[in-house]
Amino acid sequence: MSSNPSSPLCSSPASTSFAPSYLLSFTSRYLRLSQAAFVISDYLVRKLRLAESALLTSLCYWHEFVAVHGMRKVNEVVLATTCVFLAAKVEHAHFRLVRLVELAFDLDASTPQAEVEQWCRAVLDVELVLCDTINFDFVRFFPMADTLNSLKALAGAGRLEEKAQQAISTAVRRVFLFSFVAPLCTKVSMRRLCTSILYIIVTMGYRELVPALQPIWSAPEAELPDETELEGITNVLMDVFAYLHKKFGVPALDDINEARCRRRQSLHGNEAGVMSSVFSSASTDFTPLLKMAEQ
């Protein structure tokens, strides 16, 4: 794999589609639903004080479920809640299902017990389908810590300035987190995704550091994809950030993000995308839904 910063992935920022050649199911409709699932899951994980790995695992479950059963098959709050419930079990978290349901559906002491039990049964029913869908393979590994530790090691050895190490680490971690809005977890391994994100961040925003950081993604265990697949991953990530109107924290990538937003708006007007603030710090106070009806 070439580490040349002028490779195709750096020269194709103008795509305004949702990466159909790489992820056929990844459409604007998919984005709207996965965005909602992210918000609901993040809210529940924060309220229950679960580990971030529980959030990432739950989102993997969500994408895997949708890949098999399609969208709108299950009430979206029930599905997201079920994914968090199962992921929390994998993390050995301890809480009562009724507490999770109360948070997800904004229930309180005035809610009829029958309604609470109805939502609990719905979550348990979907949990059975989810377990079968993922073939009872519950554990998901997220090697982001290995990627960040590799950067720390270079900084500790004096081959990377601490300021640059912190900036790259922050950007890589941010992109990795938002990547779960897309179904990339159903397409590539987490190791390959982490390596790809590091490669994109460095070659696009810190080209002078490519020689120092190249050993990280050149290692056989890093699983760096070829240029065609890397460009597909890049396009998906660009689409996510453009749709959400979020910044990478890397000027070169942010310029591409803004250019995509402007181009999409010029082509499609006000229907180009949805301005969203649900991933801002204010989202921690967001209540997912008030008694959402079954789809």
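**Salt bridges in the model**

Author: Arginine 191 is partly exposed, at a relative accessible area of 30% (buried is under 20%, exposed over 50%, partly exposed in between, with a 1.4 Å probe and protein chains only). This is a predicted model, where local features need pLDDT of at least 70, side-chain atom pairs count only at pLDDT 80 or more, and totals for chains, interfaces and linings use all residues. Residues are numbered from 1 along each chain as its sequence is written, and side-chain values use heavy atoms, with hydrogens and water left out.

A salt bridge puts a side-chain nitrogen of Lys or Arg within 4 Å of a carboxyl oxygen of Asp or Glu. The count by this rule is eight.

Arginine 191 pairs with aspartate 146; their closest N and O atoms are 3.2 Å apart. Aspartate 146 lies in helix α6 (residues 144–156), arginine 191 in helix α8 (residues 190–205), 45 residues apart. Helices are DSSP runs of H or I, at least four residues, numbered from the N terminus. Aspartate 146 is partly exposed, at 38%.

Next, arginine 173 and glutamate 52. Their salt bridge spans 2.8 Å, N to O. Arginine 173 is partly exposed at 41%, and glutamate 52 is partly exposed at 36%.

Lysine 247 bridges to glutamate 258, with 2.8 Å between the closest N and O atoms. Lysine 247 sits in the loop between α10 (227–244) and α11 (251–268), while glutamate 258 is in helix α11. Shared partners also join Glu64, Asp137 and Arg140 into one network.

Terms used
Helix = DSSP H or I, 4+ residues; strand = E, 2+ residues; numbered from the N terminus.
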